[in-house]
Amino acid sequence: MNIQDILLMRHELFLIFAALVVLVFEIATDDSQKSIITPVALVLFAIHTVVGFLPLTEGSIFGGSFHTTNLISLMKDILNVGVLIILIQATKWINMSANKVKISEFYILTFTTLAGMFFMISSGDFLMFYLGLETATIPIAALAAFDRYKNKSAEAGIKLILSSTLSSGILLYGISMIYGTTGSVYYSEVARGLTSADSLQVLAMVFFFAGMAFKISLVPFHLWTADVYEGAPVSVTSYLSVISKGAAVFIFTIVLFTVFKVVAPLWQDVVYVIAIATMTIGNLFALRQTNMKRFLAFSSIAQAGFILLGIISGTSLGMASVVYYVMVYIFSNLGAFGVVSIISAHTGKEDMTEYNGLYKTNPKLSLALMLALFSLAGIPPVAGFFGKFFLFTAAAQKGYYILVLISLLNTIISLYYYLMPVKAMFINKNEEPIAFFKSDIASKVAILMCMAGMVVVGLSSTFFESILKYCFGI
Amino acid sequence: MFVVVPVLTTLGILCTKDLKGTRIVSAIGMGIQLLMSFNLLFRYFAERKVNAAEMLFQKSYMWYESLNIHYTVGVDGIAVAMILLTSVVVIAGVFASWSTKELPREFFTFLILLSSGVFGFFISLDLFTMFLFYEVAVIPMYLLIGIWGTGPKEYSAMKLTLMLMGGSALLILGLLGIYFNSAPDGGQLTFNIIEISKVHIPIEAQRFFFPFLFVGFGVLGALFPFHTWSPDGHASAPTAVSMLHAGVLMKLGGYGCFRVAMFLLPEAAQEMGWIFLVLTTISVVYGAFGAIWQKDLKYINAYSSVSHCGMVIFALLMMNKTAMDGAILQMISHGLMTALFFALIGMIYGRTHTRNIYEMGGLMKIIPFLSVIYVIAGMASLGLPGLSGFVAEMTIFVGSFQHQDVFHRVCTIVATTSIVVTAVYILRVVGILLLGPIKNSHFEELKDASWWEKTSLLTLLIAILIIGIAPFWLSNMIQDSLTPIVTRLSILQ
């Protein structure tokens, strides 16, 4: 191993370095100077994001445990951009007096959990996979309980850690069964040893599936989602809903396409049923929500169901549409959460009925939220339309027309509830709408980045084409 | 270009500060659009003489290479006719909305954005792009009806949006089905309409996807029983929106039916056409009878639109040249007529604040200009020779009757009875509303049409007159472009 090999891990190394720098600042400053940590952390992460885009050589180290390819690097870059937007959005909240004591903890925990996810995505064997998963899970549960003075936040943290632990346990059990039946944990060797005739291996796959489905909030492993999203601080909710879910989707797709490709018909059937269940239940429950955070939580459950459409196809177009859709979903969801968090930070109001008549007083915020909701619903010309269309194309490529029909009907249902906030803001009348306020520069930058992303990523074909170049199918 | 101008107009509106600026920018923008469409018309005639290709003025830009999606545009005679229709109706709509008081900038922005979607739809030759513009045209409807509408506007807006998006959901399925079957002998899959029309798509795939496509477009074209969004939607919408929607958007459905569903899947169209023929016949008659019972002016016109748009699809399904020529003529003629009607109704409602015909009477004495135009519009609707309605309906029925077999003849006869029913409801309304004694003395102080309203109405009226008296230029243009479609369909007959 030489320096070239170590540099293959440059995403993770830089992240850990950044976390350590923040730690040093934490120790070196006293309470009054703590606010310097925020710009330091932001700059470090911005550098990290930019450095991530530099071209990378492919390779693997640690005997195959950690490998990186262009595709994996691309996935990490997408997640980086998402986290950058989240961090920019979080600056106002983190600088509030109640949180000032713990500024550095927020950044250290975020960097650590992201590093864990990067290890998970880059894994070459199940052991590194599990290591990354656990490194990612524990800090995120601490982040969910970040608001010390709110009961709901503590509840969110407990629910998250307990259910994460259970699902990780089941996942580990599955991994141990795989080791037991195939004699190895390396992906390539496991793939050779799998057959569909061995029922223990099938059980192992089911357990693996269950563990990952928890992370992606698929039905019936979604019950933690709404309460945790509602209780956690908005920045953490954004992180959970896009980054955590996105990373889990990435590694899920890669493992299914590489390790389990022999038994593809088995997991395709499972994905079929779960996709329908997830979309339908997510949509039906979202119809009834009035709290904006719960509303976005259920909508993101339904979105995960759509992502399964790309996975079920098993083609390179399928994988490309999944990666592309996660990118689009990051911009759209962060845009929506951004507006919700700004309104929540200024006025504390999170209920949809309180958004009535928002267009009259805060037109730009209303337009931003409308654009984000349209993107989530899949309406042109924003990127959500292209993302959904490519997912449908991937599923139709393998002849899953009935599934596409059901997803289309679900899109109609989702359009109804995505129009509910639009209706509230633009059409409903209100005696006392939320008064006009100026948002701070950081929140504006974050929302503008999201809106730019949503518009550009769809209309310009370079993003999808460059993703498709690196993807592979079964 | 046709898409660029409305988009630029929209951006221009966003820069204006007040009502006056908004109106001027919109009027200029849409005026330019109208001039461009006239220009296109003359250039088309010139080009047609030397170039016999199917689609003229084609331009193609590669968009998503891996899926072979291009931004391809091009026109033939039918598309040129539809573009003309749209530009006339849009500018009439802009003038009809001259006095919008609430949030005028946003209103004009969404209206023109909608029109850009419509223009894009008519000029696209690539299925993906066509579908994209279709969806762009649907969504502003929700906001336009929900914010500026009247009556149960939220309910109507949501119902309209959900049903139209339901249609588009079925469309995606059909489009993907066509795409994946577009190269049955190997070669590259494509979304391009012209290329797909040269390929023979396997019959099983055709049978599966044709209903989805036809129903998907039929929802927009008010095919029974998917028309239920139409009466409430039109009644609750503001004037210009109703004009644009009934006049142009419903024609998107008819256009899509023949350009996509029938052109690309001809065998399935032959096999399953009779089912939809029955449905359209029901639309025609049901719409007409529905209009007789209504008290509300807008509902009368909405049901009348269902009936006339049903006639369009009815004629398309007859699949011979005359009938299809009549169908396109009916699209244009009815588009202009219904826009005229909705404009008039909007102006009357703005003055009397009621749409109930029993509460109004003797308007001819009070607002003569509007009343006379209303009578002329009514005559056009029931097919008086000299106006465009006659040309269209005559051609449709002659073409439909050319079929020898019992089934088609029966359908034609049933549909023809709607002429009588149309006369009943038109004349009834004219009688109650315009003639007779003045019901409400408050109305005696109503003012007649203002200059912008006159402009709007006269624009439409002149177009109706031109088509009624001298339809041959239009008819020839359409017939030339119909040849490839009819050839494809009749090879199999």
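Of the 493 residues in chain B, 59% are buried, meaning that 20 or more other C-beta atoms, placed from the backbone, lie within 10 Å of the residue's own. This is a predicted model, where local features need pLDDT of at least 70, side-chain atom pairs count only at pLDDT 80 or more, and totals for chains, interfaces and linings use all residues. Residues are numbered from 1 along each chain as its sequence is written, with chains lettered from A and ligands numbered from 1 in the order in which they are written.

Staying with chain B: there are 19 helices and 2 strands, taken as DSSP runs numbered from the N terminus, H or I of at least four residues for helices and E of at least two for strands.

Now the contact between the chains. Chain A and chain B put in 25 residues each, a contact being two C-beta atoms, placed from the backbone, within 7 Å. On the chain A side, helices H17 (383-397), H18 (401-426) and H20 (462-470) each supply at least two residues. H18(A) gives the most, with 12 residues.

Last, the core. The largest nonpolar core has 361 residues, and Ala144(A), Leu309(A) and Leu344(B) touch the most other members. Such a core is a set of buried Ala, Val, Leu, Ile, Met, Phe, Trp, Tyr and Cys residues joined through C-beta atoms within 7 Å. Helix H14 of chain A, residues 316-347, brings the largest share, 20 residues.

Technical notes:
Buried ≥ 20, exposed ≤ 12 C-beta atoms within 10 Å, placed from the backbone.
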